[in-house]
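Hi,

Here is the structure I promised to pass on. Have a look at it first, and then read my notes below.

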Amino acid sequence: MTSTAPAYDISLDEMSVALSFATMALGEASVPAAPVAVAAQAKTTTGKKEGKKAEKKTEKKVEDDDDFDVFADDDEEDEEPKESRAEMLARLKKEAEERTAKKEAKQRTLVAIEVKPWDTEQDLMELWKKITTTIVQDGLKWGEGCTLADVAFGIKKICTTFTMGVNNSSDDVVEAIEGLEDEVQSVEVTSMNVL
């Protein structure tokens, strides 16, 4: 019992052709290939013009399926004028500068210092107020208070903190404090932490 595969007809859909091949493979030759017979009848009854129109319609459908966008992207976005390379580079450079400015604004450094006076009779709270009011820079913020620690023989030192931005330098602040030569003996940075 050998059966031949039905001739492929473009007017048949793929499912009916696959079904006919599957039935032949299973050995069910007694099942008639109905779609092939119906298609053969349809070809004999219709004229050549109608057959060509049907082929053109199927070709158009295949072409339309190729144009179908699976992800449903709008073509309207493509119609917008694209920016030139120079404009794109300028925009990206501006955005990068804004991001770094935001990062620098957030990045702060906490510095702890010790200020040693010349003698024991000096008013250290007045000296601390003088330091915090006279030494002012952009991005520099002094701590709200200070502590007085004993050094030796009744001499005390001022322990205070300040925060500074990326553009500030702790060396500049120390030099500015040491600029008060009549009241300050030395300034020492005890710690520096990036916040």
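**What I found**

Searching the whole structure turns up 1 aromatic pair (ring centres of Phe, Tyr or Trp, the last by its six-membered ring, within 6.5 Å; planes under 30 degrees apart are stacked, over 60 edge-to-face, the rest tilted). The ring centres of W142 and F162 are 5.1 Å apart and the planes meet at 55°, so this pair is tilted. Since W142 sits in strand β2 (residues 141-142) and F162 in strand β4, the pair ties together parts that are 20 residues apart in sequence. W142 and F162 are both buried (under 20% relative accessible area, with exposed over 50% and partly exposed in between, using a 1.4 Å probe and protein chains only).

Before going further, please note that this is a predicted model, where local features need pLDDT of at least 70, side-chain atom pairs count only at pLDDT 80 or more, and totals for chains, interfaces and linings use all residues. Residues are numbered from 1 along each chain as its sequence is written, and side-chain values use heavy atoms, with hydrogens and water left out.

Leaving out residues up to four places away in sequence, W142 touches I113, I131, T132, I135, T160, T161, F162, V173 and I177 (contact is heavy atoms within 4.5 Å).

T163 is another residue of strand β4, and its 17% relative accessibility makes T163 count as buried. Its side chain makes a polar contact of 3.3 Å with that of R108 (N or O atoms within 3.5 Å, one able to donate a hydrogen and the other to accept it; sequence neighbours count only if both atoms are side-chain atoms). Beyond four places in sequence, T163 also contacts T109, L110, G139, L140, K141 and L195.

As for the whole chain, there are 7 helices and 5 strands (DSSP runs: H or I of at least four residues, E of at least two, numbered from the N terminus). Of its 195 residues, 21% count as buried.

Best wishes
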